[in-house]
Amino acid sequence: MIQQSAPAASASSAAAGDVPATLPRIALVGVHGFGESHLANLARLEQAGALQLVAVADPNPPETGTLAGSVAVFNTLDQLLAAGPVPDVVILATPIQTHAPLALAALAAGADVYTEKPPVASMAQFQDVLAAAESAGRLVQVGFQSLGSLALPEIRNTIATGGIGEVLGLSATGMWLRTRGYFKRSRWAGKRSLDGIDVVDGVATNALAHAVATALNMAGAHTVADVASVETDLYRAHDTQSDDTSVIRVRTAAGATLLCALTLCAPEQQRPSVTVHGTKGDITFFYTEDELVTTTADGERRETFGRTDLLENLLAARAAGAPLHGTPLLSALPDAGAFMCVLEAIRTAHAPLEIDAGHVSWEGDGDDAHPVVHGIAALIERATKAQATFAELGVPWARSLPPVRTFDLAGHPVADYQDGSRIRAVSSPRPYLHPVRTLAGTVVTDHQPLDHVWHLGVGVALQDVDGVNFWGGRTYTRAAGEYVWRPDHGSIVRADEPSPGEPSAAEGELTENLAWNGPDGAPVLTEQRTWTWAAVGPSAWRLTLDFALSPAGNQPVSLGSPGSNGRVGGGYGGFFWRLPECSGARVWTPSGAGESAAHGSVAPWLAWSGGFTGTFDGGEAGGGEAGGGEAGGAATLVFVAAADSTDPWFVRVDGYPGVGQSLAWDAPVIAEPGSTVRRSVTVFIADGILGTEDIETLINTQGDNS
């Protein structure tokens with residue numbers, strides 16, 4: 001048995017076969033690092049009479065007194081196997097890049113294998129080991145210990161019985177910290193490759209690999225065939241090859257979306273978790289502690305579950321004659337295929353982008369120092385809620401994703417046109433402008449904000465078009481008298497490609513034909529939308545939106561809002577502008593000031609002024625021009641209604657910053673076949689704080705938007 005006082009054994013003093021034949025004979029390769037945890041577990045199971053540790057292999061032998069004299073000690077697995085007889089199970093607790101060759105050697109010798117995560121360092125290696133195990137008829141267990149949790153069957157049962165309604169998606173979050181010393185512990189730590197050999201160390205493949213593997217299991221993705229696609233967004237603050245702050249988005253073959261947002265650059269270590277988001281509630285699994293938190297309208301329920309040890313599970317499977325019958329492996333190698341799809345996507349991705357030093361603070365000294373990415377907790381929460389990558393959110397230190405078009409004025413990019421193709425389905429994907437900037441560069445829009453991730457810059461959206469939600473999020477219904485999740489989300493897409501004679505973005509006009517498609521893809525409305533923009537002075541410019549909606553078929557179409565469905569004061573829909581955080585915000589019309597006076601009013605114009613911090617302020621993600629080019633400053637927006645408009649203004653200041661012009665304030669508007677519902681609004685975007693007199697002068701000298 002393993003003990004702490006016996007002298008260390010050697011290959012010459014003890015043979016690997018000197019054990020009773022009735023107990024499984026175990027060999028451990030790698031006795032340091034996580035190998036020490038295996039030694040402790042082996043001691044527990046050996047004391048219980050479940051196994052015999054017969055040999056270990058490590059080029060750095062264990063300290064004297066660690067092992068019993070009956071345990072043979074070798075420098076390599078090859079030496080161990082050659083000494084014979086072959087152990088029943090070989091446990092691999094070795095560097096990542098050694099897993100595949102060691103597993104192949106053990107399988108060829110006739111042993112079952114328990115390998116630490118990740119199982120191997122490439123998809124090609126995975127296929128090789130999988131084929132070898134099948135050919136030899138041997139078992140391979142992968143050390144994702146969380147998959148032994150008894151909470152997982154409970155999660156599956158809750159989902160299957162509708163306990164949280166329909167599943168909207170899953171998210172995995174992990175916020176750990178790792179020091180400089182952590183990456184000095186071995187030559188392979190923090191490496192994507194070493195001496196030309198794949199390692200693929202990283203936050204998602206190693207440090208927080210359990211978050212990814214557990215989330216995939218909860219999403220029902222086990223094998224390679226269960227994964228439809230993997231998208232990676234990889235960054236690093238450490239001086240390493242591998243990523244330490246990343247977003248991984250997995251779409252399963254069954255249609256689920258999993259968003260993993262992980263970092264090793266948090267200010268403090270937090271419990272990692274996986275959440276299943278449903279229409280009636282959420283299930284969050286804190287897998288390191290086997291704690292399950294279920295939140296629904298009925299309240300919160302917390303439960304702690306037990307866990308099946310994966311080595312014990314492997315021994316039970318061997319005794320039962322698995323995999324043909326009996327006890328199944330809880331973390332079998334074939335079921336690591338989905339995880340290997342993630343690892344392979346990371347392995348083949350571009351090297352992680354270094355996070356600009358201006359967005360990182362270092363805490364501690366020497367090898368104990370660790371980086372903290374500014375505002376990383378809020379960024380991870382925003383990414384998981386929106387099912388978006390850091391790049392898609394426009395985080396300043398993230399990769400810049402080129403917009404479909406840029407609106408430009410004399411060399412100043414004033415607005416980026418996004419087609420909405422990267423927006424999650426339940427946020428009703430649609431075209432929009434973001435970021436919109438003043439001539440001095442102050443950003444005056446937000447998109448996918450944490451409070452309402454379906455708010456998308458500047459555009460057109462309606463929550464009830466013949467029962468289809470083109471706004472995003474929950475739908476307010478008269479029957480429920482509240483917002484409810486429904487599978488009713490539509491999308492707005494370009495219906496034609498730009499023609500050769502169509503004005504370009506640089507010429508100050510963009511006209512396009514759009515299709516408003518229902519959840520089944522069938523068109524409900526058609527729209528012609530025109531954006532025009534022009535400078536109106538050295539510190540202001542003008543943006544005009546004209547849109548015309550028509551039924552796609554030969555039947556009338558009802559255009560409604562929460563207000564038209566009974567929510568008093570909730571008549572948003574049509575034109576909408578989501579602003580970023582704004583200090584000292586002031587909103588007013590010619591007849592009154594403040595949200596209560598402006599909201600619901602019918603006025604020729606509405607103004608908003610204040611200090612804009614951009615989408616990401618210094619406390620959340622730092623400033624700067626990288627990524628989305630976010631910048632802050634004082635600005636004034638003046639929203640001017642068409643001369644004949646009777647649509648009320650929709651205004652929010654306290655809850656969130658937003659301005660719209662309500663197309664269906666308290667009653668639906670009916671779009672008739674053969675006719676169009678037309679709307680127009682002009683917005684002046686000015687640097688600095690304007691007063692009423694300045695605004696009247698600006699409007700009068702520039703003309704109306706008729």
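A search of the whole structure finds four cavities of 30 Å³ or more. A cavity here is a set of points, on a 1 Å grid over the protein atoms alone, where a 1.4 Å probe fits but cannot get out. Grid points are joined across faces, edges and corners, and a volume is the space filled by probe spheres set on the points. The structure is a predicted model, in which local features need pLDDT of at least 70, side-chain atom pairs count only at pLDDT 80 or more, and totals for chains, interfaces and linings use all residues. Residues are numbered from 1 along each chain as its sequence is written, and side-chain values use heavy atoms, with hydrogens and water left out.

The largest cavity holds about 50 Å³ of space. Its lining, meaning residues with an atom within 4 Å of a point, consists of Arg430, Leu456, Gly457, Val458, Gly459, Val460, Ala461, Trp471 and Phe576. Strand 23 (residues 458–461) gives the most to this lining, with four residues; strands are DSSP runs of E, at least two residues in length, numbered from the N terminus. By class, six lining residues are nonpolar, two are polar and one is charged. In this scheme Ala, Val, Leu, Ile, Met, Phe, Trp, Tyr, Cys and Pro count as nonpolar, Asp, Glu, Lys and Arg as charged, and the others, Gly among them, as polar.

Strand 32 (574–578) and strand 40 (677–687) each supply at least two of the lining residues, and strand 40 provides the largest share, three residues. This lining divides into four nonpolar, three polar and two charged residues.

Terms used. 1 Å grid on protein atoms, 1.4 Å probe; cavity = no way out; pocket = protein on both sides within 12 Å on 5 of 7 lines; lining within 4 Å.
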